[in-house]
Amino acid sequence: TICTHRKVVVVSQPVYNTQQTLDLSTALNKMKAGTLLILALATTINAASGFQPSMKKRIITTTKKSSLTMTTNDNSPPPPDQADHILYDMPVSNNGARCRIILYKKNISPKQVTILSPMTLGGLKSEEYLKLSPQGLMPCLSIQKKTEYGIDSLAESDTIARYLLSEYSTTPSFLPNHPKSNLITRWHDVYLASIQGCLYKAPSRFPVGDYADRKSAIAAYRKNWDIIEGFLGDEEENNDDYYGANYLCGNEVSLADATLFPSAVFATFMLPKFDTDLNHPQSPLPPKVTKWFDNLRTNDAVFSKVYDEIMDPLVNTWDSKNHRWDDIRLAGLRDVAPGTIFDKILSGDIPASIVKEDEHIFAFKDINPAAPAHILIIPKDRNGLTNLREATEEHVDILGRLMVAAGEIARDESLGF
């Protein structure tokens, strides 16, 4: 409570007009409208009309069900304690996939590197696995043979990949010192892979990187694909045959190819689920990256194999079986209720006496004040927050901004507080 007889009201931003969501497996189902809640920072809680969408979408791409075994060649793997290295990884691991591409391309034998699931040690958070990978992430490489380095395990996919390139010098080299390859690889790891979880993580796993909500994270994710597109340069763009037979850095596969390709698999499968207009879908990848990706997926046997390894659990487990995206906002959960008077205020169609405004919030005087000082504060981008009951961990940032703004406004005596 700010005071006993004057109030500042925080309002869940009204609903915008948005494209209705299609359920491709059945049909478009309309849901009943609910109530938009208003949080009043005073002695009362007010109610205003609004809508509460609760519509789900499921986009499922079917694929032939297959059992994928990650092996480097046709030799039967030796007992784990007899292998020089154990790569703990799973088919759906896009970061681990870069290491698998290296193993497959170099035809490294199971005796040299055996691939096992972390479940063989009890899972990612088991005590035994955490001894090898303190963050409990995939991939992880257990070094079982004696080396000069004095370590018995490696975590982080780029570190593992470069170790494998150093340990096994057979062709292809993967161009470990190529400037463009290293630039693309580094940019991917720092700016793209670090926020890729926005495509599939539950709200409880937010924030993702520097982004407090899924919408802003996805926008940044797309932007970084565009930046990587720019690294490919004009030479490739003007050469129609460049992607017909070549890799990101020319005729030889590079670490950039191995790094970027698995994330492109994630992007092409997941980003379409977040299209704002399902009737006019946005390309998940920029044009030159798309051409490169389609070429490797179609014409390179190893990249095709890794594509199938990743897609099988994505389609058949994450999507078809577990319906992972059904309860993820902007994908399975869509905001489809119509707009309200507050949309017109934000657009300027209806004038307002503005008290405070920034890129996130908009505060204005109520035209029918119920107290000497009566201010409404709404988020500029509703982002699904049509109702306080719709609030999730993704809304922590905007709800906090609303509360901070309320406190600042309440201290402004010129407004009558």
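Buried means under 20% relative accessible area, exposed over 50%, and partly exposed in between, with a 1.4 Å probe and protein chains only. Strands (E, at least two residues) and helices (H or I, at least four) are DSSP runs, numbered from the N terminus.

Before moving on, note that this is a predicted model: local features need pLDDT of at least 70, side-chain atom pairs count only at pLDDT 80 or more, and totals for chains, interfaces and linings use all residues. Residues are numbered from 1 along each chain as its sequence is written, and side-chain values use heavy atoms, leaving out hydrogens and water.

**Around β11**

β10 and β11 pair in the antiparallel sense over three bridges; two strands pair if DSSP finds at least two bridges between them. They form a hairpin, with three residues between them.

Five bridges join β12 to β11, and the two run antiparallel. Phe364 stands opposite Leu376 in β12.

**The four-stranded sheet**

Next, select β6, β5, β7 and β8. These four strands form an open sheet in the order β6-β5-β7-β8, with mixed pairing. β6 (113-116) and β8 (153-155) are the edge strands, each pairing on one side only. Neighbouring strands are turned by 20 degrees against each other on average, direction ignored. Axes here are lines fitted to C-alpha atoms, for helices over the stretch in contact, and angles run from 0 to 180 degrees between N-to-C directions.

Zoom to strand β7 (residues 140-143). Three bridges pair β7 with β8 in the antiparallel sense. Ser142 stands opposite Ser153 in β8.

Show two helices with the sheet. Helix α1 (residues 94-106) lies across β5 (85-88) and β6, at about 140 degrees to β6. Helix α3 (residues 157-167) lies across β5, β6, β7 and β8, at about 130 degrees to β8. Contact means heavy atoms within 4.5 Å.

**The aromatic rings**

Which residues form one aromatic cluster? Select Tyr247, Phe261, Trp292, Phe293, Phe303 and Tyr307. Rings of Phe, Tyr and Trp (its six-membered ring) pair if their centres lie within 6.5 Å; planes under 30 degrees apart count as stacked, over 60 as edge-to-face and the rest as tilted. The structure holds 17 aromatic pairs.

Start with Phe261 and Trp292. Their centres are 6.3 Å apart and their planes at 80 degrees, so this pair is edge-to-face. Phe261 lies in helix α8 (residues 255-270) and Trp292 in helix α9 (residues 287-299), so the pair ties together parts 31 residues apart in sequence. Phe261 and Trp292 are both buried.

Turn to Phe303. Phe261 and Phe303 also form an edge-to-face pair, 5.0 Å centre to centre with 75 degrees between the planes. Phe303 sits in helix α10 (residues 301-319), 42 residues from Phe261. Both Phe261 and Phe303 are buried.

**Charges over rings**

Select Arg297 next. Its charged end sits over the ring of Tyr307, 5.5 Å from the centre. Such a charge counts if NZ of Lys or CZ of Arg is within 6 Å of the ring centre and within 35 degrees of the ring normal. Finish at Arg324, whose charged end sits over the ring of Trp318, 3.9 Å from its centre.
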